[in-house]
Each structure stands twice: as C-alpha cells, then as structure tokens.
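The following report describes one protein model, beginning with a surface feature and then turning to the fold and to two individual residues.

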Amino acid sequence: MRLFIKKFRSVFMTLVVLVGVLPVYSMTALAEDSQFTVNIEVDSSLGWGEVALYGWDGIDIGAWPGTKLTGSDNKYTTNVTVSGETFNCIVNNNNNDGQTSDIEGIDATKGSCTIVIAADKSFTVTYPDGQQQEVETADIKVTVKLDSSIAWDSVFLHTWDTTSSNTTWPGSEMTAADGAYTLTIPVATTRETFCAIAHDNNGAQTVDVKDISTTSGDVVITLSGDVSDAEGDAGKFLATLTY
C-alpha cells in the first residue's frame, strides 16, 4: 500500500510540473505567433500626389515602393497585418523621388496610428491613446571649408540617412562665416552615420560624402580642390572629414 502511495505521489507531482510548464509554453508560442491588424493614416503636408507604404520586420506589403495608400487632401490610409508587436516602415510618394527615412518600432498592439510628416520629412507617430512616438535627435554642426581655388558664391548641403532632416535637392543653404560655411542639422540618435553632398547649386558639387559619424561631435568637410576621375563621379570634388 505504501509503495502504491509513493508511486501515486510521484505521478501526481510529475503532472503538476507538466501542467505548470504547459501554460508558459502556450503563452510564449501565442506571443511569437500573434498577429495584429493595424490601421495606418498618413498625414503629409508635402503635397505628394501618390503615397505608398513600404514595410519590414513584421510587415510584408510587397517589394519597394510597397502598397499604394488610398486618400486625398494629404490624408491617406491603409490596413496592414503585422506579425509581432512592432514593425518598421517607410512612407514614400510611390517611388517618385520622395520618402521618409526608416520609421522604426511602431507599436502594432495599439491597433492604429497616425504618421504625420512635416515639410522637412521628419515625422511623428501618434496612437489612439494620445501617446506619441517621436524621433529623438541630436544637433550636429557641419562646416564646409573650400580650397582657395574653389570659387563658389554659395554652398548648399544635401543630406540623407539622417531620419529627421533628410533633404530634397538642393538641400539647405549654409551660412558663410570666417572663410567657411556652416549648418546645424538634427540627426536621429538611432543613426551612427549619415551622408551629405556639398554643392554650389550651379553644377559644382562633391562626391557623396558617406559615413559621417553622428557620435564624434561636429564635423568639418574640407574640399582641397582635387576632383574624382571615377566613373559616375568624374569632375566632382573629393572631400575629407575631420571631427
């Protein structure tokens, strides 16, 4: 009799352990497989005639430029299915040379969101409960120095991969001071680098200045007067970076 009771207790304890583990496993599997339907509204003052949404990391709505949104008067909407609790996207004007940078970590569990795009293509994501998801930025001062042999009447800076201050050509005009040109731009703190082109808005320009560090402080772009002979960049000024 005692032996039977011991065996019964052993089987009972095993069942208790299994019952305790199964809900945890089920909850984990449910979280991993969870899907959400999210209504996305895009509110843009850019006057794009067409607006498309491209997504990744939890959302698959087709290859670039993604799915075309419906709407008018700068307000466009679509419904998407998201696998997981967050997703990333880019809003663009249906591949017609205009787009935001990466909009990352949108909360799918909220059910809907409004993406407001400003004139400089910076954005704010607002949820039904009033919570806002903004791009955290840090100001970086960019200085362009020209060799004495380069006679530009003015200097413009075109930037991209900043998330918050991407420009459309010709970009922003820089301020002349002490023989150099300066411009302070906000760059998303999630970015380790960004890219730029300095030019005179009259046909002369640098090559693409890539991998400008966002973590090394202010940056100086120096043009020595040397030009590139590489295919696609021939005649464009070479540039060096210092921090």
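How do the residues of the lining of the largest pocket divide into nonpolar, polar and charged? They comprise three nonpolar, nine polar and two charged residues, where Ala, Val, Leu, Ile, Met, Phe, Trp, Tyr, Cys and Pro count as nonpolar, Asp, Glu, Lys and Arg as charged, and the others, Gly among them, as polar. This is a predicted model, in which local features need pLDDT of at least 70 and side-chain atom pairs count only at pLDDT 80 or more, while totals for chains, interfaces and linings use all residues. Residues are numbered from 1 along each chain as its sequence is written, and side-chain values use heavy atoms, with hydrogens and water left out.

The largest pocket has a volume of about 290 Å³, and of its 14 lining residues the closest to its centre are Asp 97, Gly 98, Gln 99, Thr 167 and Thr 168. A pocket here is an open set of points on a 1 Å grid over the protein atoms alone, where a 1.4 Å probe fits, with protein on both sides within 12 Å along at least five of seven lines; lining residues have an atom within 4 Å of a point. The volume is the space filled by probe spheres set on the points, which are joined across faces, edges and corners.

The protein chain has one helix and 19 strands, taken as DSSP runs numbered from the N terminus (helices H or I, at least four residues; strands E, at least two). Four strands form an open antiparallel sheet in the order β3-β2-β6-β7, with β3 (67-68) and β7 (103-107) as the edge strands, each pairing on one side only. Strands count as paired if DSSP finds at least two bridges between them; β2 (residues 52-56) and β6 (residues 86-92) are joined by five, and Ala 52 has Asn 92 as its bridge partner in β6.

Of the 243 residues of the chain, 36% count as buried, meaning under 20% relative accessible area with a 1.4 Å probe and protein chains only.

Terms used:
Buried means under 20% relative accessible area, exposed over 50%, partly exposed in between (1.4 Å probe, protein chains only).
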